[in-house]
Amino acid sequence: MRRPIRPLLPSLALALLLIGGCATRGQAPEAPRAADDWQAQKVRLEAMQTWELTGKAGLRTPEDSTSANLDWNQTPYHFRMLLSGPFGSGRSVLEGREGRVSLTTGEGRFEAESPEALMNQQLGWSLPVAALGDWVRGLPADDSPHRMSRDARGFPERLEQDGWTIDYQDWMRVEDLWLPRRMKMQYGDLNVTLVVTRWQPETTDV
């Protein structure tokens with residue numbers, strides 16, 4: 001059985017991006033999160049491999065700060081990210097299937113066999129981008145050690161993995177699932193703020 005591919009971010013701008021766009025589905029509900037909500041949905045989140053996501057991400061380093069939008073379409077064996085904002089051409093399309101990833105910008109089309117290889121090719125370094133598809137659902141990646149702390153309702157509050165610290169600051173309810181709305185991620189002096197404006201998950205009843 002083929003392992004589902006994970007999404008990637010192949011540039012400094014993309015590496016801070018996890019979400020972007022401009023839709024409004026998934027507004028904050030009136031009912032607050034309940035103490036048993038996370039445990040009740042955890043298995044469904046782990047099985048969720050298909051979604052559409054939009055939002056906005058900001059990146060800050062000691063030298064610079066910037067932001068961008070992203071529309072992210074994910075399926076088990078294919079992903080497509082449309083990125084727009086103040087990054088040169090203003091539009092980049094990142095997509096891939098298992099074993100092949102491409103990035104199309106105003107400067108051309110670039111390909112590699114993996115997200116990490118593409119980042120190394122274009123930047124000379126890479127990040128553990130495979131974990132992002134888990135982190136954005138509030139889950140640790142399953143292939144490396146981690147530490148997780150939870151809030152008073154049992155929801156993830158802070159995740160430490162692969163040298164990153166991820167703080168979950170707000171949640172939104174979409175249909176019958178609670179999903180992260182606002183995340184702050186830190187890796188050394190790289191700081192990323194992610195605000196999700198729309199989640200459209202497809203889940204399998206389990």
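Two strands pair if DSSP finds at least two bridges between them. Strands here are DSSP runs of E with at least two residues, and helices are runs of H or I with at least four, both numbered from the N terminus. The model is predicted, so local features need pLDDT of at least 70 and side-chain atom pairs count only at pLDDT 80 or more, while totals for chains, interfaces and linings use all residues. Residues are numbered from 1 along each chain as its sequence is written, and side-chain values use heavy atoms, with hydrogens and water left out.

Strand 3 (residues 78–84) and strand 4 (residues 91–97) are antiparallel and share seven bridges. Within strand 4, S92 stands opposite L83. These strands belong to an open, antiparallel sheet of 11 strands, ordered 6-5-4-3-2-1-11-10-9-8-7. Strand 6 (108–112) and strand 7 (146–150) are its edges, each pairing on one side only.

Strand 1 (residues 50–60) runs antiparallel to strand 11 (residues 190–202), with 11 bridges between them. A hairpin of four residues joins strand 1 to strand 2, and the bridge partner of W51 in strand 2 is Q74.

The largest nonpolar core has 41 residues. Such a core is a set of buried Ala, Val, Leu, Ile, Met, Phe, Trp, Tyr and Cys residues joined through side-chain atoms within 4.5 Å; buried means under 20% relative accessible area, exposed over 50%, and partly exposed in between (1.4 Å probe, protein chains only). Among the residues with the most contacts inside this core are L94, W135 and W199.
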